[in-house]
Structures are given as structure tokens and as C-alpha cells.
Amino acid sequence: MLRRTLVVAAVALGALLGTGPAAAVAHPLLRQAAPSPGLITPRSPEAIRLVLAEPVVPRGSEVVVTGPRGRRVPVSKVSAEDGGSALSVRPLRRLASAVYDVRWKVLGDDGHLVGGTFSFGVAGKDGALPPGAERLGAASSGGRGGEDVSGESVLDVVADWLGIIAASFLLGAVALLAALRRRGSDALEDLAERARPLLVPAWLLVGLAASEGVLAGATTSAGDGLDLGLLADSSTGRAQLVRGAVVVGGSLLLALSAGRLATRRRDGLFAGLAVGVLLTYALSGHALADVGALELVAQAAHVLTAGLWLGGLLALLLLARSGVAKLGAGARAFAPLAATSLGIAVVTGVLAAVREVDRWYFLRWSDYGRIVIVKSVLVALVALAGFVAWRRARATDAGATGAPRPRLLRLEVIGVLAVVALAAVLGGLSQGRGRPLPAQEGTLLPGPAFGTALLSGTEAQVALSPGRTGTNTLTVVGRPPAREPRAVTVRLNCACSTQQLDVELRRGEGGTWSTTVDLPAEGQWYAYVSADGRRAAAPVGLPVGVPRAPGADPEELLVLADLSGPGAARCRANVQGLQVAIGRVNAEGGVDDGTKLATLALDDGGDPARSARIAKAALAAHGPVAVAGCGAGAAGGIRQAQAAGVPAVVGDPGVEPLAGGGVFRLAADPYAQGFALAQYLKERVLGAGAAAPGVATLRTAVAQDAIGRRLLAGLEAGLEGTGVATAAIPDRWWAGKTDAQLEHLLDRRRTLGLVLDAPAGRNPALTALERLGRKTERTFPPAPFLGSERVLAERTIDRLRTLGRLGVLQGVSEVSTQTADALAFVRTLPVLWPGERPSLDGLRGYVTGLALRAALKGDLEGSAIRDRLRDPDVFTDALLAPWHSSAPGVGSPAMLALAGQFLSTNLVPPSAGGMRYTGSWFTDGAWINASVRPLGPPVGTPVPPLEG
């Protein structure tokens, strides 16, 4: 049993020393920078700020900024924030429009230097691109630039580990001598004769290692020369100072006590000094970053017990020269102490290793993890050798004098020392803790690219999908009420390709201009948009490509959307909101233990047949984990996903409700919408006394498709018993009507209101109302316009002009605009895409992404995702209720009434000292809740069946 204990302990030590103080380091890697790497700031930044994974030593760190032609930009001294985990410098002059390089180097608490580079740009007048902006294409949104970890030099590593081995020998040899003394073993004199002459040389070796450590700590900084002050500014430096003090003080005690102390007391002094030295190694390094008292105690116990075992093993090798019998006696004496030390070291070492590796991904795919795997294989070989030695000793000598063979013991020690060498290599590598996961590497928004161009006094919204090499759909959509151009062209170029692309776009329904373009390479492409020969003030940056990490291919989310047809404006916003949520998923670590989630957005042009074709091909080629859809054509592709068993989440009201399993529709059920509009009419018009006496007719301009018919059914059900009659206005009625005829129809003295619903694209009612909205004077009191979700949008209000700004358009929505998630979306969107404004459709896309975020936490098999969606946890506060459990493909049953508010915050104009009102959803307004309670059919009401 004693032999077995000895052999198993030797094997365990091989594994344990890989988690010692120098091996268990995590470096202060860059988490975030401002300005962000690769991006262009609209103005000169007030400061360059680095946010790091761990606190650093500001005294040993520097940040250098260079401009055009490598000229150094004068900056302030490095200042620290957040306990040293953030550093910043301030430019001492305003930065002109150009591309700037930042070289940073920080000193970590473990004495290692971490450095990196990144670039950012400063825009010119009116957002013009700075000279050399193509150089920024290598860095994409969410990137951190290049990084380099300067680990300990070979001399530093050798000195540290010789010091640890020497101190371990002092502790282990004295402990073995004491154990032999307690047993009265005749092996005591042999070990004393061989070990005691080595105690003083071992102590001298400890002193040399400590001196080298102090010198290394005082010279390791971003600057040059010797700086003793660095030692007091880091935990590792302070540990090096304490180690030096222990060596100096211990040497004086040993010198003064020479010939005065008994042998045992002198042995005890050596052991006590060794404990002090080992503690200084334990209480330093990044293994102690962001830990509590319990972790400190565990780390100290780990190093002391592992050192005790290593020193005892080395002492046993000395005793092996006295013969097998003496070695056996020493092994039996040391076994209880070895077993206890081993148990403590195993527990504390495993805890430290798990903490440092952090995730399974880093064990398999990082340099640190590969070294750990190699070390583990070596430990397994040592274990095999130990097992063979134990079996042979047991078979040949089962008596009390049995002992492991010296040759096998020496081989085991050589294996253990090889593990120690690998652990020293680990000291200069970055492992999992503090490092970004594959989902967080590169851009957090892999998928379609968006941007806004200032064009002829208006804004042109640009989109490129899917944003990958090969065939892409390029679209340009103007914001109403902009003048429609006669021709739109785009020039595309990228530093990643010598090929320049000039394309002419075709006009489609809904004011959308589009074309297909083949992109030959990944990188930052720039789109120069021109309308009627006039080029936009600045190009639009469109990142192309999906970053990949070793062993972690991105998981795909297939999005089928009308990005070039009549629903392009709405679907662009919907997919953009979805992208914000996908970015949040990746920032939080992605899916499937760190894998990036990438959006594969394919344009179906609003055609169900085309959607079905591209969905079938994409499902076979990419194997997406889920599907989302937007636009009237998406239903065709979603049915393909149903057949393939891939779950689909739909947040766009333009996608018709679908029967069958696997589809989860966040958009409101059209029947529930109609019912809610009736409730709103009863509360805000009939109940509030806003209706004129004797007026009991509600006009409807509702599309005669599946969605429109279902909405009318809900409206009729909600109006039952009110005495209100509905009068449908056919599409052909609106054509050619004069302003007087329109005013007569919409006068609240003759009608209760007008219910509006239509698919994207041509809408005769809105076209006529848009003309009426151009009039600046009102000659009649307009009745309220009650818009369905397909109509209630910022673009509709912009088209209605003065009627829209009066707040005439109201309606119901399943998403709420005044919640924490909605406000987060409002703040985030313009940061990710400057010039973009939030919208209800964008919020619906964001909520769709949040539903997927919750559904993709766990097993990514389609059945597991569907199970989580059938009974979802609360995944957002921007949604009153998700889909009905009995019919998830029909839509949400509850909603709120919304109306636009465009009044100033006070009645004093800005020219007279008043405050200027800046809207959140509009340039001059915001959405407000127009109902005090949720609207929709009563809870428990069965969902009416779908047509067919």
C-alpha cells in the first residue's frame, strides 16, 4: 500500500504542478477600446480609453497614438480608472480628419507585458471619410485589434522554477528527516549525511532566484531602464520584494546562528524559510486576480503541499543511493505526509485549473489548452510507469522491506520534472479566463450590412445582404417624403480587392432601388451612392464576411425577408433590429458554449415561391438552427422550414398566420388586432364622448387578403352590441378623388374613424391621404385613423405629413415602446449604425431576436428549441404576451394602443430660450401609450381557426 501511495502521489504531482503560481496566469487582455478599433468617429475623441480584462500597473504602461506618416500625437500621461482595469490618455490637441494608429502596452500584476495595436478614423466635414479609410477594413465592429503577450524570458522562467524547486527541496528534505526521526529509522543517518550538505547550496540557489526576480520586476515595463517603484505597484512586484526580504533576513539568521543552533533547530529554520519563499510564489501572478480570501488560502495550500511532495520525492532519490532497504524505509516514513499533501494539492489544484481554463473550448483550441493536453498525456505515461513499478514490487517483494525500484523512480521523477517544464511554458501563455470566446472575436454582427448615406438633402438607407462573398442584394431606400430620383448608381470598392464594382440599381415597388452584385472578397467595402448624378456626401461602410475561430464554425440563423420588393423598408428595419439582438447574443458568449451566431439573410423579393426555393436550398446547404421571416413572401420559406423540422420565429405582421407546429408568431394575431381596434374605438371615441351626435359609421380600408379578412372578423366581433356599423371603401374609390371629397369622408362629424390595413407596396388609401397631408391648413376636424400593424409605422406618419404630425394615425401594437428593452434598442441602434432611427418594425425584429436568444440557450436540436419556445420563459419586457399556446403560429393575443406625439416639451420656442425637443422614434416626436390597459380578446377566448 505504501508503494502504491508513493507511485500515485508522483503521478498526481505531475498534474498538479501544471497549476502552480507561474502557470496559472491570465493576462490583462483588451476587452474594449474607445474609439472602437476599425470605426470612424464623427469628431475628434476627447480621450482614448482601454478597458482590460484585469487591473494593470499604470506606472509600467503606455499608450502611443500616431497619425498620418507615423507622426506621434502628443497625449497626456496614462491615467487609471476602475481600479486599474481601464486606462486612458487625452490628446493634447484636436485630431484632424485622418486615420490614427494606437499602440498600447500594459504591465500586468504578474509582471508580464501585454501589448497591441488598433486603428480608428476621425471623419471630416459632413461625415466625409478620412484619407486612408480603406486601412480600417481589417478591423470590424466589435474587434479588438492585434494583441501580443510578452511572457517571462527564458532566464526568468528558469530562475523562478529553480527557486521553487530549491525551496521545495528544503521543505521536503527536512520533513522527511523529521518523519524518519519519529519512526526511529536507521535510514535517518544516511539521509542526513546526503541531504544536509545540500541545504546551504539550495538556499543560495533560492537567493539567486529571488535576486533575479527583483531585477526582472524592476525592469519589466513599457518604458526602458530600472524602475524600483514598479515593485511596489503590483502584487507580483510586492511578492518579489517580500521574497527578497525573506532571503536577506533568512541569510542573516543562518549566518548568525551558525554553530549556535542545534541541528534540529537549524533544520527547522531552513524549513520555515522555505515556507516563506514558497508563499511569495503562491501569492503572486494572475491566478490571484479578482479572487477572495478563500481562493488565496487555497492557492497557498496548493503550492505548499505540492512543494512539500516535490521536495520529499527529491530527498527520496538521495536516499535511493543507500540501497533498496533504506529507500523502502524512507518511503514508508514519508507516505502519510505525502498522502495528506497529495489530497490537499489535488483539490486545490483542480479548482485552480478549472478556473484558469474556464471553458472546454479553450482546452481544445487555445495554445494554452494544447500544452495542457500534452502535459496530461505525459502525466498519463508517468502514471503507467508508476503502476508497472507498483505491480512489479508487489509481485517480487511483498515483505516489509519492499520498495519501488530506483531506476523506475528516477524515470518517474524525470517525467514529473518534464511536467514542471511544461507548466513553466504555460506561464507565458494566455488561457481561457479573461479571453474572448469565438462568438466575441471579430464583429459581433455577422450578417447583412446596413448604412445611411446623406443624399440630395435626404437620407438614403443602404443594405447589403447576406453580407458575404458571392451574390448579394444591394438596396437603397429613401425616407419619405423625399423626392423620388430617376436613377440610382453605386460604386463599391474595398482594400481587400483590386476589383471596383459599378452597378446601376432598378426601381421597385415602394420606392426601393435594388440590384444583385457579386463580391469577390471579405473585408470592409465602401458604397458610394449617387442619385441623378449627385454623389452622397460620404460613402457607406459595409462589412462583408463572417469571422471564424478554430474548431467553432458559426451557427446559422436563416432569415427570409423581402429586402428588394414592396416590403423592403419594413423588412430592412425588422432584420436590423434582429441583428441588434444577435449582437447581444454574441456579446454574451454566443450559443453552444461560445459559438458565434451568424445571420444568413436572403432576399425573397416578397415572392412566396421564390422564398420557398431559396429556403429549401439554404436549409440543405447551411443547416440553420432556426428561421425568421419578414414580408409577404416569407410564408413560403417558413413552410419549407416546417417540413424540415426547423423552428421559425416570426415578428413581422406582414407574414400571414400559419397553422401547424414549429412556427411561433410574435406579431399580433390579426383577429386580436381587429378586436383591440374595436375596444380602442369604444374607449377613446365612444366612451370619451369624442364622437359627434348621431354618427355611428366606421369606415374601413382593409385589404382583401387572409390577414385583412381575419382583422375584419375581429373588428366585427369587438363592435358587436355597440350599434356601430362598418362601411368598407373599395380600393378603386380612392383614385381621382378631390381634396373636398376626401375631407367630406374623413370629417369626424360624419364618421367615427377610418380603419387602415394594407400589405406593403401600393396602397390607394394612403396615396390619397398623403396628398391631403401636404396641405398646411386644416379646414375640417379629421376623424382618427386606426392603423393595423401593417400600417402603423413611422414611414406612414412621415408620408401623411401634417396629418401625421397632428396625431391622427393611431393603432395597436403587440410591442411596447416604453419598456427597458425598447429603450435599450432605441439607444443601441444609432450607435451601431450612425444616422439610423429606431422604428416599431425594428423593435419587432429585436424582440424576435430576444425570443431566439432564449430559445437557443441549451441543446440546439430543432426539437429542443421548439420545446423551449412552446413554453417560453419571460424573454423581454417589450412584449405583453407572446404567441397563444394553443396556436403559436397565429400570433400574440394582447397589445397596447399607440399614438405619435409631436408637441414641444414647452410652449417657448428655442429661439426665445425654450428647450429643443428631440424625439426618440421620430426626429421631432415619440410613440406614447394611448390606452391604459392591454387590449385584445378576453383571456381564455379560443383562437378562431385560420382560413382553410
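Trainee: In which sense do strand β26 (residues 697-702) and β27 pair?

Mentor: This is a predicted model, in which local features need pLDDT of at least 70 and side-chain atom pairs count only at pLDDT 80 or more, while totals for chains, interfaces and linings use all residues. Residues are numbered from 1 along each chain as its sequence is written, and side-chain values use heavy atoms, with hydrogens and water left out. Strands (DSSP runs of E, at least two residues) and helices (runs of H or I, at least four) are numbered from the N terminus, and two strands pair if DSSP finds at least two bridges between them. For β26 and β27 there are four bridges, and the sense is parallel.

Trainee: Which strands form the edges of the sheet?

Mentor: The sheet is open, has seven strands with mixed pairing, and runs in the order β27-β26-β28-β29-β30-β31-β32. The strands that pair on one side only are β27 (725-728) and β32 (926-929).

Trainee: What angle does the direction of helix α14 make with that of β30?

Mentor: Axes are lines fitted to C-alpha atoms, for helices over the stretch in contact, with angles from 0 to 180 degrees between N-to-C directions, and contact means heavy atoms within 4.5 Å. Helix α14 (residues 670-686) packs on the sheet and touches β26, β28 (753-757), β29 (785-787), β30 (809-813) and β31 (896-901). Its direction and that of β30 make an angle of about 130°.

Trainee: And what angle does helix α15 make with β26?

Mentor: Helix α15 (residues 706-719) also packs on the sheet, where it touches β26, β27 and β28. The angle between the directions of α15 and β26 is about 165°.

Trainee: How many residues apart in sequence are the parts that the pair C571 and C630 ties together?

Mentor: A disulfide joins C571 to C630, S to S 2.3 Å, and this link is left-handed, with -95° about the S-S bond. C571 lies in helix α11 (residues 568-587) and C630 in strand β23 (residues 626-630), so the parts tied together are apart in sequence by 59 residues.

Note on methods: Disulfide = S-S within 2.5 Å.
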